[in-house]
Amino acid sequence: MKVVITGGGGMLGFKLAKALLARGHLSGADGKNAAITRVTLLDTAFPAILPQDSRLETISGDISAPGVMAKVVTPDTQSIFHLASVVSAGAEADFDLGWKVNLDGARALLELARRCARPPRLVFSSSVAAFGGDLPEVLDDSTTPNPQTSYGAQKVCCEYLVTDYTRKGFIDGRSLRLPTIVVRPGKPNLAASSFASGVLREPLNGVISECPVSLDTDVWLLSPGRCVESFIHAHETPSSLWGMSRVLNLPGITVPVSEMINAMRRVAGEAAASRVVYKPDERIQKIVAGWPVKFRTPRALGMGFKADPDVDSVIRAYLADEGIKPAA
Ligand SMILES: NC(=O)c1ccc[n+]([C@@H]2O[C@H](COP(=O)([O-])OP(=O)(O)OC[C@H]3O[C@@H](n4cnc5c(N)ncnc54)[C@H](O)[C@@H]3O)[C@@H](O)[C@H]2O)c1
(Lines give C-alpha, C1' and ligand atoms only; values in the text may rest on other atoms or scores of the structure.)
Protein backbone atom coordinates (compact mmCIF):
# COMPACT_ATOMS: atom_id res chain seq x y z
CA MET A 1 0.00 0.00 0.00
CA LYS A 2 1.03 3.58 -0.61
CA VAL A 3 1.42 6.01 2.29
CA VAL A 4 1.80 9.80 1.91
CA ILE A 5 3.33 12.08 4.55
CA THR A 6 3.06 15.81 3.92
CA GLY A 7 5.68 17.72 5.90
CA GLY A 8 7.71 14.50 5.63
CA GLY A 9 10.98 16.43 5.73
CA GLY A 10 10.10 18.05 9.07
CA MET A 11 10.92 16.93 12.59
CA LEU A 12 7.86 14.76 13.23
CA GLY A 13 7.18 13.81 9.59
CA PHE A 14 10.66 12.40 9.07
CA LYS A 15 10.59 10.46 12.35
CA LEU A 16 7.19 9.09 11.32
CA ALA A 17 8.55 8.03 7.92
CA LYS A 18 11.41 6.11 9.55
CA ALA A 19 9.01 4.47 12.02
CA LEU A 20 6.66 3.38 9.21
CA LEU A 21 9.50 1.95 7.13
CA ALA A 22 10.70 -0.01 10.17
CA ARG A 23 7.17 -1.21 10.97
CA GLY A 24 6.50 -2.32 7.38
CA HIS A 25 2.71 -2.54 7.51
CA LEU A 26 -0.43 -0.50 8.21
CA SER A 27 -4.17 -0.85 7.95
CA GLY A 28 -5.27 -0.03 4.41
CA ALA A 29 -8.32 1.95 3.38
CA ASP A 30 -10.39 -1.23 3.85
CA GLY A 31 -9.10 -1.58 7.42
CA LYS A 32 -7.11 -4.73 6.55
CA ASN A 33 -3.45 -4.96 7.44
CA ALA A 34 -1.23 -4.53 4.37
CA ALA A 35 2.48 -4.28 3.62
CA ILE A 36 3.75 -0.76 3.02
CA THR A 37 5.12 -0.70 -0.51
CA ARG A 38 5.72 3.05 -0.78
CA VAL A 39 6.19 5.97 1.61
CA THR A 40 6.00 9.28 -0.28
CA LEU A 41 7.24 12.37 1.55
CA LEU A 42 6.16 15.80 0.34
CA ASP A 43 7.99 18.84 1.68
CA THR A 44 9.92 21.89 0.55
CA ALA A 45 13.17 20.51 2.02
CA PHE A 46 14.50 17.20 3.33
CA PRO A 47 17.27 16.10 5.71
CA ALA A 48 20.63 15.66 3.96
CA ILE A 49 20.81 11.98 4.85
CA LEU A 50 17.83 9.84 3.88
CA PRO A 51 17.33 6.13 4.69
CA GLN A 52 18.47 3.88 1.85
CA ASP A 53 15.14 2.20 1.27
CA SER A 54 13.58 1.50 -2.13
CA ARG A 55 10.11 2.10 -0.66
CA LEU A 56 10.96 5.73 0.17
CA GLU A 57 10.16 8.51 -2.30
CA THR A 58 10.68 12.24 -1.73
CA ILE A 59 8.83 14.91 -3.70
CA SER A 60 9.84 18.51 -3.29
CA GLY A 61 7.06 21.08 -3.56
CA ASP A 62 4.72 23.53 -1.89
CA ILE A 63 1.43 21.90 -0.84
CA SER A 64 -0.49 25.03 -1.78
CA ALA A 65 1.01 25.38 -5.28
CA PRO A 66 -1.22 24.27 -8.17
CA GLY A 67 -0.56 20.74 -9.36
CA VAL A 68 1.86 19.73 -6.60
CA MET A 69 -0.54 17.66 -4.56
CA ALA A 70 -1.69 15.72 -7.63
CA LYS A 71 1.87 14.37 -8.03
CA VAL A 72 1.69 12.96 -4.53
CA VAL A 73 -1.85 11.83 -3.75
CA THR A 74 -2.72 9.38 -6.53
CA PRO A 75 -5.79 7.13 -6.86
CA ASP A 76 -3.90 4.22 -5.24
CA THR A 77 -3.09 6.21 -2.05
CA GLN A 78 -4.62 4.46 0.95
CA SER A 79 -3.07 6.34 3.79
CA ILE A 80 -2.21 10.01 4.40
CA PHE A 81 -0.53 11.76 7.31
CA HIS A 82 -0.99 15.51 6.90
CA LEU A 83 1.73 17.28 8.87
CA ALA A 84 2.93 20.05 6.52
CA SER A 85 2.28 23.41 8.09
CA VAL A 86 3.57 26.92 8.44
CA VAL A 87 4.07 26.69 12.19
CA SER A 88 2.82 29.11 14.86
CA ALA A 89 5.29 32.01 14.73
CA GLY A 90 5.43 31.84 10.92
CA ALA A 91 1.64 31.92 10.51
CA GLU A 92 1.43 34.85 12.90
CA ALA A 93 4.20 36.75 11.10
CA ASP A 94 2.78 36.19 7.61
CA PHE A 95 -1.03 36.14 7.69
CA ASP A 96 -1.48 35.40 3.97
CA LEU A 97 1.11 32.63 3.85
CA GLY A 98 -0.41 30.93 6.91
CA TRP A 99 -3.90 30.74 5.43
CA LYS A 100 -2.60 29.78 1.97
CA VAL A 101 -0.51 26.85 3.16
CA ASN A 102 -2.41 25.76 6.25
CA LEU A 103 -5.95 26.03 4.90
CA ASP A 104 -5.77 26.12 1.08
CA GLY A 105 -3.05 23.43 1.09
CA ALA A 106 -5.18 21.17 3.30
CA ARG A 107 -8.20 21.73 1.08
CA ALA A 108 -6.20 20.79 -2.04
CA LEU A 109 -5.06 17.63 -0.26
CA LEU A 110 -8.58 16.69 0.80
CA GLU A 111 -9.96 17.24 -2.70
CA LEU A 112 -7.42 14.76 -4.09
CA ALA A 113 -7.95 12.33 -1.23
CA ARG A 114 -11.62 12.39 -2.17
CA ARG A 115 -10.74 11.07 -5.61
CA CYS A 116 -8.76 8.06 -4.36
CA ALA A 117 -10.03 4.64 -5.36
CA ARG A 118 -11.15 4.05 -1.75
CA PRO A 119 -11.59 6.69 1.00
CA PRO A 120 -8.07 6.84 2.48
CA ARG A 121 -7.32 6.96 6.17
CA LEU A 122 -6.05 10.43 6.98
CA VAL A 123 -4.36 11.59 10.19
CA PHE A 124 -4.12 15.36 10.66
CA SER A 125 -1.71 16.99 13.14
CA SER A 126 -3.67 19.70 14.90
CA SER A 127 -2.57 21.54 18.02
CA VAL A 128 -3.72 22.70 21.43
CA ALA A 129 -3.35 26.16 19.85
CA ALA A 130 -7.00 25.42 18.99
CA PHE A 131 -7.73 26.66 22.53
CA GLY A 132 -7.41 30.18 23.89
CA GLY A 133 -9.18 33.06 25.54
CA ASP A 134 -10.90 32.43 28.88
CA LEU A 135 -10.00 28.83 29.58
CA PRO A 136 -11.14 26.51 32.36
CA GLU A 137 -8.32 25.37 34.65
CA VAL A 138 -8.53 21.85 33.21
CA LEU A 139 -9.54 21.31 29.57
CA ASP A 140 -11.10 18.22 28.04
CA ASP A 141 -12.64 17.10 24.75
CA SER A 142 -15.77 19.14 25.45
CA THR A 143 -13.86 22.44 25.77
CA THR A 144 -14.86 24.74 22.91
CA PRO A 145 -11.97 25.71 20.64
CA ASN A 146 -11.42 29.47 20.71
CA PRO A 147 -8.08 30.02 18.97
CA GLN A 148 -6.31 33.30 19.60
CA THR A 149 -3.74 33.00 16.82
CA SER A 150 -4.04 32.60 13.04
CA TYR A 151 -2.22 29.25 13.34
CA GLY A 152 -4.76 28.01 15.89
CA ALA A 153 -7.64 29.21 13.72
CA GLN A 154 -6.17 27.41 10.69
CA LYS A 155 -5.84 24.19 12.68
CA VAL A 156 -9.48 24.38 13.83
CA CYS A 157 -10.70 25.04 10.25
CA CYS A 158 -8.81 21.94 9.08
CA GLU A 159 -10.27 19.84 11.91
CA TYR A 160 -13.75 20.79 10.67
CA LEU A 161 -12.80 19.95 7.07
CA VAL A 162 -11.42 16.55 8.09
CA THR A 163 -14.60 15.83 10.06
CA ASP A 164 -16.90 16.92 7.25
CA TYR A 165 -15.04 15.03 4.50
CA THR A 166 -15.26 11.99 6.79
CA ARG A 167 -18.99 12.48 7.39
CA LYS A 168 -19.49 12.57 3.60
CA GLY A 169 -17.54 9.32 3.24
CA PHE A 170 -14.75 10.93 1.16
CA ILE A 171 -12.02 10.01 3.66
CA ASP A 172 -11.68 8.25 7.01
CA GLY A 173 -10.14 11.14 8.97
CA ARG A 174 -8.73 11.62 12.47
CA SER A 175 -7.35 14.90 13.90
CA LEU A 176 -4.99 14.89 16.85
CA ARG A 177 -4.37 17.98 18.97
CA LEU A 178 -0.70 17.69 19.85
CA PRO A 179 0.80 19.05 23.07
CA THR A 180 4.15 20.90 22.78
CA ILE A 181 6.68 18.38 21.53
CA VAL A 182 9.71 18.15 23.82
CA VAL A 183 12.64 17.61 23.31
CA ARG A 184 12.73 19.00 19.78
CA PRO A 185 16.16 18.21 18.29
CA GLY A 186 18.16 20.81 16.38
CA LYS A 187 18.56 24.49 17.06
CA PRO A 188 16.48 27.02 19.01
CA ASN A 189 13.96 28.88 16.83
CA LEU A 190 11.89 32.05 17.13
CA ALA A 191 8.75 30.27 18.37
CA ALA A 192 7.60 31.32 21.84
CA SER A 193 7.58 27.60 22.71
CA SER A 194 11.27 27.24 21.83
CA PHE A 195 12.27 27.50 25.51
CA ALA A 196 10.34 24.28 26.34
CA SER A 197 12.87 22.19 24.44
CA GLY A 198 15.77 24.63 24.78
CA VAL A 199 15.79 24.43 28.56
CA LEU A 200 16.78 20.76 28.19
CA ARG A 201 18.39 20.43 24.76
CA GLU A 202 21.12 23.06 25.01
CA PRO A 203 22.31 22.06 28.52
CA LEU A 204 22.34 18.38 27.53
CA ASN A 205 24.61 19.38 24.62
CA GLY A 206 26.94 21.37 26.86
CA VAL A 207 25.54 24.80 25.94
CA ILE A 208 24.09 27.50 28.24
CA SER A 209 20.31 27.92 27.87
CA GLU A 210 18.61 31.21 28.71
CA CYS A 211 15.19 30.46 30.17
CA PRO A 212 12.80 33.34 29.40
CA VAL A 213 9.94 32.21 31.67
CA SER A 214 9.65 31.76 35.42
CA LEU A 215 10.47 28.34 36.82
CA ASP A 216 6.88 27.69 37.94
CA THR A 217 5.64 27.97 34.33
CA ASP A 218 3.84 24.75 33.35
CA VAL A 219 4.27 23.08 29.96
CA TRP A 220 1.85 20.50 28.48
CA LEU A 221 4.23 18.19 26.69
CA LEU A 222 4.73 14.97 24.74
CA SER A 223 7.95 13.45 23.42
CA PRO A 224 8.54 13.12 19.65
CA GLY A 225 8.64 9.31 20.00
CA ARG A 226 5.28 9.11 21.77
CA CYS A 227 3.87 11.57 19.23
CA VAL A 228 4.91 9.35 16.31
CA GLU A 229 3.41 6.32 18.11
CA SER A 230 0.20 8.34 18.48
CA PHE A 231 0.08 9.17 14.75
CA ILE A 232 0.39 5.46 13.93
CA HIS A 233 -2.09 4.45 16.62
CA ALA A 234 -4.58 7.04 15.34
CA HIS A 235 -4.23 5.54 11.87
CA GLU A 236 -4.65 1.97 13.11
CA THR A 237 -7.69 2.39 15.34
CA PRO A 238 -10.89 1.26 13.61
CA SER A 239 -13.26 3.86 12.27
CA SER A 240 -16.00 2.63 14.64
CA LEU A 241 -13.94 3.74 17.65
CA TRP A 242 -13.92 7.32 16.38
CA GLY A 243 -17.58 7.43 15.41
CA MET A 244 -18.74 10.98 14.73
CA SER A 245 -16.05 12.61 16.93
CA ARG A 246 -12.96 12.84 14.79
CA VAL A 247 -10.90 15.26 16.91
CA LEU A 248 -8.94 14.22 19.97
CA ASN A 249 -6.75 15.96 22.54
CA LEU A 250 -3.72 13.71 22.90
CA PRO A 251 -2.59 12.74 26.38
CA GLY A 252 0.48 14.55 27.66
CA ILE A 253 2.05 15.51 30.97
CA THR A 254 1.98 18.88 32.72
CA VAL A 255 5.48 19.75 33.86
CA PRO A 256 6.74 22.96 35.48
CA VAL A 257 10.06 24.23 34.12
CA SER A 258 11.60 23.69 37.58
CA GLU A 259 10.74 19.96 37.35
CA MET A 260 12.27 19.77 33.86
CA ILE A 261 15.52 21.07 35.31
CA ASN A 262 15.32 18.71 38.32
CA ALA A 263 14.75 15.76 35.98
CA MET A 264 17.76 16.82 33.91
CA ARG A 265 19.80 16.87 37.14
CA ARG A 266 18.64 13.29 37.92
CA VAL A 267 19.29 11.97 34.40
CA ALA A 268 22.36 13.92 33.29
CA GLY A 269 23.89 15.39 36.46
CA GLU A 270 24.39 18.76 38.11
CA ALA A 271 26.64 20.07 35.32
CA ALA A 272 23.78 19.91 32.82
CA ALA A 273 21.23 21.42 35.23
CA SER A 274 23.57 24.31 36.06
CA ARG A 275 23.65 25.38 32.40
CA VAL A 276 20.14 26.86 32.65
CA VAL A 277 20.26 30.61 33.25
CA TYR A 278 17.09 32.49 34.11
CA LYS A 279 16.72 35.48 31.77
CA PRO A 280 13.12 36.74 32.01
CA ASP A 281 11.45 37.91 28.82
CA GLU A 282 8.10 39.54 29.57
CA ARG A 283 6.87 39.16 25.98
CA ILE A 284 7.36 35.40 25.98
CA GLN A 285 6.04 34.99 29.54
CA LYS A 286 2.87 36.80 28.50
CA ILE A 287 2.31 34.62 25.42
CA VAL A 288 2.97 31.43 27.38
CA ALA A 289 0.62 32.47 30.20
CA GLY A 290 -2.30 32.16 27.74
CA TRP A 291 -1.55 28.55 26.81
CA PRO A 292 -3.61 25.61 28.04
CA VAL A 293 -1.45 23.39 30.26
CA LYS A 294 -3.81 21.02 32.05
CA PHE A 295 -5.99 18.47 30.25
CA ARG A 296 -8.17 15.51 31.12
CA THR A 297 -7.97 13.02 28.25
CA PRO A 298 -10.10 9.98 29.23
CA ARG A 299 -11.31 9.36 25.68
CA ALA A 300 -7.80 9.24 24.23
CA LEU A 301 -6.52 7.07 27.09
CA GLY A 302 -9.52 4.76 26.65
CA MET A 303 -8.67 4.46 22.95
CA GLY A 304 -5.14 3.37 23.84
CA PHE A 305 -3.16 6.61 23.31
CA LYS A 306 -0.34 7.06 25.84
CA ALA A 307 1.50 9.97 27.41
CA ASP A 308 5.13 9.76 28.51
CA PRO A 309 5.36 8.38 32.06
CA ASP A 310 7.46 11.32 33.30
CA VAL A 311 9.90 13.96 32.11
CA ASP A 312 12.91 11.80 33.06
CA SER A 313 11.91 9.33 30.34
CA VAL A 314 11.40 12.19 27.87
CA ILE A 315 15.00 13.26 28.48
CA ARG A 316 16.33 9.70 28.24
CA ALA A 317 14.45 9.20 24.95
CA TYR A 318 16.02 12.38 23.52
CA LEU A 319 19.53 11.28 24.52
CA ALA A 320 18.98 7.81 23.04
CA ASP A 321 17.37 9.09 19.79
CA GLU A 322 20.13 11.59 19.15
CA GLY A 323 22.95 9.34 20.37
CA ILE A 324 24.06 11.99 22.84
CA LYS A 325 26.12 11.39 25.95
CA PRO A 326 25.36 14.31 28.28
CA ALA A 327 28.31 16.71 28.34
CA ALA A 328 30.04 16.68 31.76
N1 LIG B 1 6.24 20.35 17.29
C2 LIG B 1 5.23 20.74 18.05
O3 LIG B 1 5.41 21.11 19.24
C4 LIG B 1 3.82 20.71 17.50
C5 LIG B 1 2.77 20.98 18.37
C6 LIG B 1 1.48 20.98 17.84
C7 LIG B 1 1.26 20.68 16.50
N8 LIG B 1 2.32 20.44 15.69
C9 LIG B 1 2.05 20.17 14.28
O10 LIG B 1 2.72 18.98 13.87
C11 LIG B 1 3.13 19.08 12.51
C12 LIG B 1 4.60 18.74 12.38
O13 LIG B 1 5.31 19.63 13.22
P14 LIG B 1 6.91 19.60 13.33
O15 LIG B 1 7.24 19.92 14.73
O16 LIG B 1 7.47 18.39 12.67
O17 LIG B 1 7.24 20.90 12.48
P18 LIG B 1 8.33 21.10 11.32
O19 LIG B 1 8.40 22.57 11.08
O20 LIG B 1 9.58 20.40 11.68
O21 LIG B 1 7.63 20.35 10.11
C22 LIG B 1 6.66 20.95 9.30
C23 LIG B 1 7.09 20.72 7.88
O24 LIG B 1 6.12 21.32 7.01
C25 LIG B 1 6.84 21.77 5.88
N26 LIG B 1 6.11 22.78 5.14
C27 LIG B 1 5.78 24.04 5.54
N28 LIG B 1 5.16 24.69 4.56
C29 LIG B 1 5.08 23.81 3.51
C30 LIG B 1 4.53 23.89 2.21
N31 LIG B 1 3.97 25.02 1.75
N32 LIG B 1 4.61 22.80 1.41
C33 LIG B 1 5.21 21.66 1.84
N34 LIG B 1 5.74 21.53 3.06
C35 LIG B 1 5.67 22.60 3.88
C36 LIG B 1 8.12 22.38 6.46
O37 LIG B 1 9.15 22.47 5.48
C38 LIG B 1 8.44 21.38 7.56
O39 LIG B 1 9.37 20.39 7.13
C40 LIG B 1 2.75 20.49 12.05
O41 LIG B 1 1.50 20.42 11.40
C42 LIG B 1 2.61 21.25 13.36
O43 LIG B 1 1.70 22.32 13.23
C44 LIG B 1 3.60 20.43 16.16
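How many bridges join S9 to strand S11, and which way do the two strands run? First, a caution: what we are looking at is a predicted model.

So, the opening question. Two bridges join S9 to S11, which covers residues 218-222, and the two strands run parallel. Within this pair, Thr180 stands opposite Leu221 in S11. Helix H9, residues 257-268, packs on this sheet and touches S11 and S13. The direction of H9 makes about 85 degrees with that of S13.

The sheet as a whole is open, with three strands in the order S9-S11-S13 and mixed pairing. S9 and strand S13, residues 253-256, are at its edges; each has a single partner strand, so one side of each has no neighbour in the sheet.

Now the other sheet. This one is also described as open, with seven strands in the order S5-S4-S1-S6-S7-S8-S12, and its pairing is parallel. Strand S5, at 56-60, and strand S12, at 247-249, are the edges here; each pairs with a single strand, so one side of each is left without a neighbour in the sheet. From one strand to the next, the twist averages 20 degrees.

Take one pair from that order. Strand S6, residues 77-82, runs parallel to strand S7, residues 121-127, and four bridges join them. His82 stands opposite Phe124 in S7.

Helix H5, residues 150-167, lies across S7, S8 and S12, and runs at about 155 degrees to S7.

Let me stay with H1 for a moment. The buried residues of H1 are Leu12, Gly13, Phe14, Leu16, Ala17 and Leu20. Just after the helix, Gly24 takes a positive phi of about 85 degrees.

Is Leu26 buried or partly exposed? Leu26 is partly exposed, because 19 other C-beta atoms lie within 10 Å, and buried would take 20 or more. Beyond its neighbours within four places in sequence, its contacts include Leu20, one of the buried residues of H1. Leu26 is also in contact with His235 and Glu236, among others. Glu236 is 210 residues away from Leu26 in sequence, yet the C-alpha atoms are 6.9 Å apart.

That brings us to helix H7, residues 224-236. Its 13 residues should span 18 Å at 1.5 Å a residue, and its end C-alpha atoms are 18 Å apart, which agrees. Among the buried residues of H7 are Cys227, Val228, Phe231 and His235.

Last, the ligand. Which residues come nearest to the ligand? Of the 25 residues around it, these are Gly7, Gly10, Leu12, Ser85 and Ser127. H1 supplies three residues of the shell, the largest share. H1, S4, helix H4, S7 and S9 each supply at least two. By type, the shell has twelve nonpolar residues, eleven polar and two charged.

Technical notes:
Residues numbered from 1 in each chain as written. Predicted model: local features only at pLDDT ≥ 70, side-chain atom pairs only at ≥ 80, totals over all residues. Pairing = 2+ DSSP bridges. Axes fitted to C-alpha atoms, helices over the stretch in contact; angles between N-to-C directions. Contact = placed C-beta atoms within 7 Å. Near = placed C-beta within 6 Å. Nonpolar A, V, L, I, M, F, W, Y, C, P; charged D, E, K, R; others polar. Buried ≥ 20, exposed ≤ 12 C-beta atoms within 10 Å, placed from the backbone. Expected span 1.5 Å × (residues − 1).
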